[in-house]
Amino acid sequence: MKRFIAHVLCLAVFVTTLVVPAALSQEEGISYVPSIDYKSFLIKQALKSSKRRDRVIAILLDLFKDYPEDEEKAQLKIRLAQLYLDKARHLYFLELYKHDPEAKKLLDSEISIRRRDLKGLKLDSSYAYNRRAIEIFRDVLKKYPRIKNRDEILFYYAYNLGEIGKNDQALRLYRQLIRQYPKSKLISEAYLVQAEYYFYSGNLGTALRLYRKVLDYPDSKVRDLAQYKIAWCHFNRNKFSLALRTLEGIIGSSTQPSSGLDLRDQSRHDLVVMFSFGGYYKEAPFYFKQVGGKSGYRPMLKQLANLYYQQGKNGYAKATYERLLREDPSDKDNPEFQNRLVEIAKRLGRKEDVIVQAGKLVRFYSDKTGWVAKNRNDWDALQRARDMSEKTLRSIALSLHNEAQKTKDDRTYALAMVSYREYLDNFPDTKEANRLRFYYAEALFKLGKLEQAGITYTQTLETDPTSEFAKQAAYGAIVSYDMIASQMKGSQGETAKESKPGKAGKSDTTPQFIPLWQREMARAGDNFVKYFPKDKRTAQIAFKSGKVFYDYNHFKESVKRFDGLVTTHPKSSAATFAVNLVLDSWNIQQRWDKVVEWGKKYYRNPALPSGKFKKDLYALIEKSSFKVCRGLEEAGRYRQAGEKYLQFVDEFKQSAFVDEALNNAGISFRKAKDINKSIAVLLRLIKTSPKSPYTQAAMLSIGRGYEDLARFQQAAKYYEAYQQRYPQAKPSPGLIYNAAVFRENLGQTAAAIRNYKIYINNYKNQKDIAVTEFSVAMLYEKTKDWANAAALYRQLAGKYRSDANLHLQALCRWGKALENNRTLGNPAVAYQQAVRTYPQLKKRQLGQDTVDLVAEAQYKLVDRQYRAFRKVRLNVSLDRFGAQIKRKSQLLGQLIEAYQKVIDYGSAKWTTIAVYRLGQAYDDFARRLAEIRQPEALQFQAGQDFMQQIQGFIDNMRAKATAAYETCVTKAAELEVFDPIVAKAERRLADLTATSKTTVEELLHQAVYVDDAVGGGAVL
């Protein structure tokens, strides 16, 4: 049985559930109620131990049926009474929670039972269990006066009496317990309960004394609670410093209380409460960091700020909230703090500060701030911040606007304007935004901020064109911009006046940036025309919109608006001016095709004015049509340009541009490679307008056309005619020269010479006169008119003594002409003069052609010596042989010296030929020696010796000939000479190499030697 009883006791959860008697609920003399008291502590303990209570109660009641009356059963009854107390507390809390759901915060020690409103609670069921417990305790005390845990029974008995309101009896029992059982573990709690009674009764002195009694029991589970309440006694007695130090002791404790009631957080919380009454707010941060440490500092400062706000200490609250915002910009509570700053500014009546703080509320917690990034995962915090910002800012703006309308105060209007702007910048898409946008525009207009007002009116309309204030907003924008325009130089608000089409004119066609207010005016005008087309002001508004785009070269937009005006309101005062600006827009862009197209469109419109307006319009169409042609030509679309010019001539037969059009058509067809059509058109021009200023150009183009077609006979004809008719015209020299070239190439030498002479005689300042004179001389050469050629070359040689090249060339070519007709004179005269003059002129800048001609002259003079050398023959007449050998050797030496002079000129061709000729001279000497036969007069041996000497001479000459031929070939390759003489040198070199070891007899039987007439025959 005892083992079963022990099991039951284990199932039962022991809970000390004594509460402060209900009669002690008076709070007289207490300025602030602490959050934790003994009653709250017991409720919390009771709620933690209520799981298996009802089951244990049922077991005990069932057990009592057969259990004998003894002290052991008395102990079981005591446990049952304790369970009844637990049940009573549970029912009490359920009723309290039903009455006030906030009571659940008891579990987190955030509120006190004594701070709840207990009126209306239905506690009969709870008190019923208290009374059952009282009966058990009273019965046990009566039957068992010496029961071992009588102190415990007295304590619980007193507790239940206090629960049902019998406070005096409860206090007597607590005192009896203290007196009779001074060593009981419940003594400290007995003191605490009495202290609670006196505390809430307002007798703080007695309460303080009793709380201190509890501190005499170090192991008491309510010791910290007593110390906590001591702090509140000091606080309510206005001893703030003492109260704070007391709480600091609790906060600084590092041990966990045996009761499980850790009052450190609550003490930290209540310390802030006390500080708000007696501390200096500037010292709070330093003090809280000391007391609360790094983790507790910021929650304490937040609490202090909220307390200051609740207490109406606006300055202290403002400074503390600002510190919180500054120290941690990402704290998720910051939106509420900033909102409190807005409310504080309202309390103080500081309108500007209200706006400033509201702006911070919006900006600090908008989507672009670090606060949002930090709290991006806390959607509720983000949404609360946004909703709070939107509501606060809207309320401020509307309130200020209403006040401004009543007071007519510009300053208040300005504040409302700022608030509206802040709202719209941050909440442009709310359902209230467009209404506030319109009010914002009204405030801007009232303050004279016309540009911004116009923009905002336009935004209002475009956001919701169907709203109740849409038309007012549309016209408000236009009025705003009209007022701006009246202040600008060259007002755009004037009524359009009729003007001649195409006369406005501009030089710059680049689209310019349109200022915001002008652009918005055009947009406002477009909107007005779009949504209110029947309004009597629509025509003027449409014109103004188009004029904005026209003034800034946005012609596509301006034309669209002007043409719409002309189409829908052709008889309005703005229509003719709109026509002018449409055409001028295309004119400025040099879109002549569009000027013609739109001009014809308006010309055919019967609703537009006639008379002078239409006459001017026709003139513009004509002029623009011609420009269309020219535009095609300038764009390189030559065939289209030519056809367009011809169309122009057919359409505008009386136009002053007809001749120019025909001329341009001819040029365009020529550029389009349609030369035949170009010539035909230009011939038409010459025929129809022979005195036209374009006839001269036409003649030139015709000639060039024939030249392009390779019809050089006709080209020369027109060039000659042009030069004859316009001899001083700039192209004339070139044309008559080209005609001469054409005639020359056509074989018409006489005509070519005639044209060259016209060129030479009429245009003496031309740089190529000398070349032309030489060309004439060469034509004489070409026709073998050696007399005229020689005479002209001789004349040119004298004329150009100062020009080394021309002088030497004329002398050499004069010699060639004489060489071809020796009856005219000795060519050696000319050649010798050239050779003699050359050393004097060679320091000048001579051309290679000139050097070649002089080298040739030198060669031909030397050739006479070569012929003389070859004429010397050798025979075996012993008396004459020595003299012959000597004579031929002398001539060979002279010849070598003469050819060296030719080589010294450095002419590639004549150097090669001169070296070849030297090879021939050596070759000839060897051949002549080979012809010698052994003299009969000599004995056999002497004859053999003689012939052996002759063979030595032959070998020597052949070696020198070989060397000369080799030099000829090598030099030709080096100097890049491509002449038949080189091939001859190579062939002869091959022959000499093959016969290098042959005898005289063999040499005589080799191929017959051929004497080449290199470079022509001898001069003399």
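Helix 31 and helix 32 meet through a set of named residues: Ile675, Ile679, Leu682, Leu683, Leu685 and Ile686 on the helix 31 side touch Thr695, Ala698, Met699, Ser701, Ile702, Gly705, Tyr706 and Asp708 on the helix 32 side. The residues of this contact divide into 10 nonpolar, 3 polar and 1 charged. The model is predicted. Its protein chain holds 45 helices and 0 strands.

**Helix 31 with helix 32**

- Two packed helices are described by the angle between their axes and the distance between the axes.
- Helix 31 covers residues 675-688, and helix 32 covers residues 695-708.
- The two pack at an angle of about 155°, and their axes lie 9 Å apart.
- An angle over 145 degrees counts as roughly antiparallel, so helix 31 and helix 32 are roughly antiparallel to each other.
- The crossing of helix 31 and helix 32 is left-handed.

**The chain as a whole**

- The protein chain has 1020 residues, and 52% of them are buried.
- Among contacts with a separation of 6 or more, 63% join residues 24 or more positions apart.

**Helix 12**

- Helix 12 takes in residues 264-278, which makes 15 residues.
- At 1.5 Å a residue, helix 12 should span 21 Å. Its end C-alpha atoms are 20 Å apart, which agrees.
- Of its 15 residues, 11 are buried, so helix 12 is largely enclosed by the rest of the structure.
- The buried residues of helix 12 are Arg264, Gln266, Ser267, Arg268, Asp270, Leu271, Val272, Val273, Met274, Phe275 and Ser276.
- What covers these buried residues includes helix 10 (223-236), helix 11 (240-251) and helix 13 (284-311).

**Helix 6**

- Helix 6 runs over residues 150-163 and has 14 residues.
- From its first C-alpha to its last, helix 6 reaches 20 Å. That is close to the 20 Å expected at 1.5 Å a residue.
- Helix 6 is mostly covered, with 14 of its 14 residues buried.
- Just after helix 6 comes Gly165, which takes a positive phi of about 100°.

**Thr458 in helix 21**

- Thr458 sits in helix 21, which covers residues 450-463.
- Is Thr458 buried or exposed? Its relative accessibility is 1%, so Thr458 counts as buried. The cut-off for buried is under 20% relative accessible area.
- Which residues does Thr458 contact, leaving aside its neighbours within four places in sequence? They are Ala477, Glu520, Arg523, Ala524 and Asn527.

- Asn238 has a positive phi of about 65°, although Asn238 is not a glycine.
- Where does Asn238 lie? Asn238 is in the loop between helix 10 and helix 11.
- The relative accessible area of Asn238 is 56%, so Asn238 is exposed. The cut-off for exposed is over 50%.
- Helix 10 and helix 11, on either side of this loop, are among the elements that cover the buried residues of helix 12.

- Lys408 has phi near 60°, a positive value in a residue other than glycine.
- Lys408 is placed in the loop between helix 18 (379-407) and helix 19 (410-426).
- With a relative accessible area of 58%, Lys408 is exposed.

Conventions:
Residues numbered from 1 in each chain as written. Predicted model: local features only at pLDDT ≥ 70, side-chain atom pairs only at ≥ 80, totals over all residues. Heavy atoms only, no water. Helix = DSSP H or I, 4+ residues; strand = E, 2+ residues; numbered from the N terminus. Expected span 1.5 Å × (residues − 1). Buried < 20%, exposed > 50% of the residue type's maximum accessible area, 1.4 Å probe, protein only. Contact = heavy atoms within 4.5 Å. Axes fitted to C-alpha atoms, helices over the stretch in contact; angles between N-to-C directions. Parallel < 35°, antiparallel > 145°, perpendicular 65-115°, else oblique. Left-handed = near helix turned anticlockwise from the far one by under 90°. Nonpolar A, V, L, I, M, F, W, Y, C, P; charged D, E, K, R; others polar.
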